[in-house]
Amino acid sequence: MPVPGPGYSITVRVEAPPSASAAGDLASAIGRAGGVITAFDVVESHTDRIVVDITCNALSADHANDITDRLGELPGVKVRKISDRTFLVHLGGKIEVSSRVALANRDDLSRAYTPGVARVCTAIAENPEDARRLTIKRNSVAVVTDGSAVLGLGNIGPEAALPVMEGKAALFKKFSGVNAWPVCLDTQDTEEIIRAVELIAPVYGGINLEDIAAPRCFEIEARLRDKLNIPVFHDDQHGTAIVVLGALRNALRVVGKDIEDARIVVCGVGAAGSAIIRLLQHKKPADIIAVDIDGIVHGARGDEDENLRSIAAGTNADGRTGTLSDAVNGADVFIGVSAPNLLRADDVASMNDDAIVFALANPDPEIDPLEAQQHAKVVATGRSDYPNQINNVLAFPGFFRGLLDAHAHEITDDMMIAASNAIADVVDGEERVNPSFIVPSVFDTAVAPAVAEAVRKAAIAGRTEQPSAGGSSMPWSMAEDLDY
């Protein structure tokens, strides 16, 4: 069952009688309400009262209110103030712009701005590729959304999507030093989104599409890749697929199976599920069975959606039909990127011995991990409170770091496979892999550099474009790549 976590952490300031039992009474009340205390600080002490700040984790906003009510019911206790620590983190936003150069005097201003900046503008006008070396384009990514598929919240619009995009930008900076900026578009029209991204593209070295609903996201990504000379990456698709493929490599090693012999069920055929299937196909598993809200995907269903028709043509070699339960019967691997509580313990029991279950729906997975563990050898979720967290942050910071370092113009499947292998190797390479440790921690500092280097090498190896005959218009001593 879920446990109280920091996502619903509150700090409650209370007045209490100055008795010897006051602290114990407060702590007991929170414990009875199911909260978990993480800090207890006496901030004021008087002859007639004490004032205490109690910080605790809850399960939900309603649970936090219940904890507070329990405190207020104690004799002589008064709740002064309640602070939601998550909202406090977001006050004023989570990111900012800072200058990389000193602007302390007239000389600094003359070089960073006018008149000196005109020389740099002229150099870029003569050779636009120099923008990658002489501007923020060298180290910048646009995090673009229309707010139509935000986390598990659905179509909540661009303003409500902004906290997520800010968080994404903060992760880029934290894990790979990439400057990312939220671009939340007030439109859900495919043509307007494509045109808007085209118009802002000169500023950025890459585009990270985020939380755009399927099937619109497929067309937007494909057309932007054709139109732009910078990489376009839909993290909900490809970031998820990269981490899943890396985790699956290690999970199969734990259970002693080869992917070529494995039958894999993918539940959910939206952005993430479709990308997982397509990346898995490079590894040639015995079969992949796709399942959506209407059951097993197969060619005879007559789906009108082009993505579903494509999935049906490349999966389900035996032409299976039926429900999710029918699909997982005799399967080796279940990968869920769908909705909560779709998979039953009996379903997992019907899978082959040493089954692998990736229940990745967030915040509530397709099956309770504890139930899945009764029958599966390896279980992973998207949650941070269980082992084996499949999280996109293992992929996208290092992936873009590698793209930017290679001055890449496009993204290939070879780059994504290289990234997934790098993630797996952080665990497997040190012989630490076991049923509870198939992917590294999101805070493992080895991950982003490993992914970046793998992507950089794959980008260089796959490059077919030759440098322009004119070369750089910068002074020769400055034409070398700049470090960030």
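Student: Leaving out residues up to four places away in sequence, which residues does Val-42 touch?

Tutor: This is a predicted model, so let's read the contacts from its atoms. Contact here means heavy atoms within 4.5 Å. With residues up to four places away set aside, the partners of Val-42 are Val-51 and Val-52.

Student: Where in the secondary structure is Val-42 found?

Tutor: Overall, the protein comes to 18 helices and 14 strands. Position 42 falls in the run of residues 36-45, and that run is strand β2.

Student: Is Val-42 buried or exposed?

Tutor: The cut-off for exposed is over 50% relative accessible area. Val-42 comes in at 51%, so it counts as exposed.

Student: How far apart in space are Val-42 and Pro-285?

Tutor: In sequence, 243 residues separate Val-42 and Pro-285. For scale, the C-alpha trace spans about 80 × 75 × 45 Å along its principal axes. Taken C-alpha to C-alpha, the distance between Val-42 and Pro-285 is 60 Å.

Student: What share of the contacts with a separation of 6 or more comes from residues 24 or more positions apart?

Tutor: Start with contacts in the protein at a separation of 6 or more, then keep those linking residues 24 or more positions apart. That share is 68%.

Note on methods
Residues numbered from 1 in each chain as written. Predicted model: local features only at pLDDT ≥ 70, side-chain atom pairs only at ≥ 80, totals over all residues. Heavy atoms only, no water. Helix = DSSP H or I, 4+ residues; strand = E, 2+ residues; numbered from the N terminus. Buried < 20%, exposed > 50% of the residue type's maximum accessible area, 1.4 Å probe, protein only.
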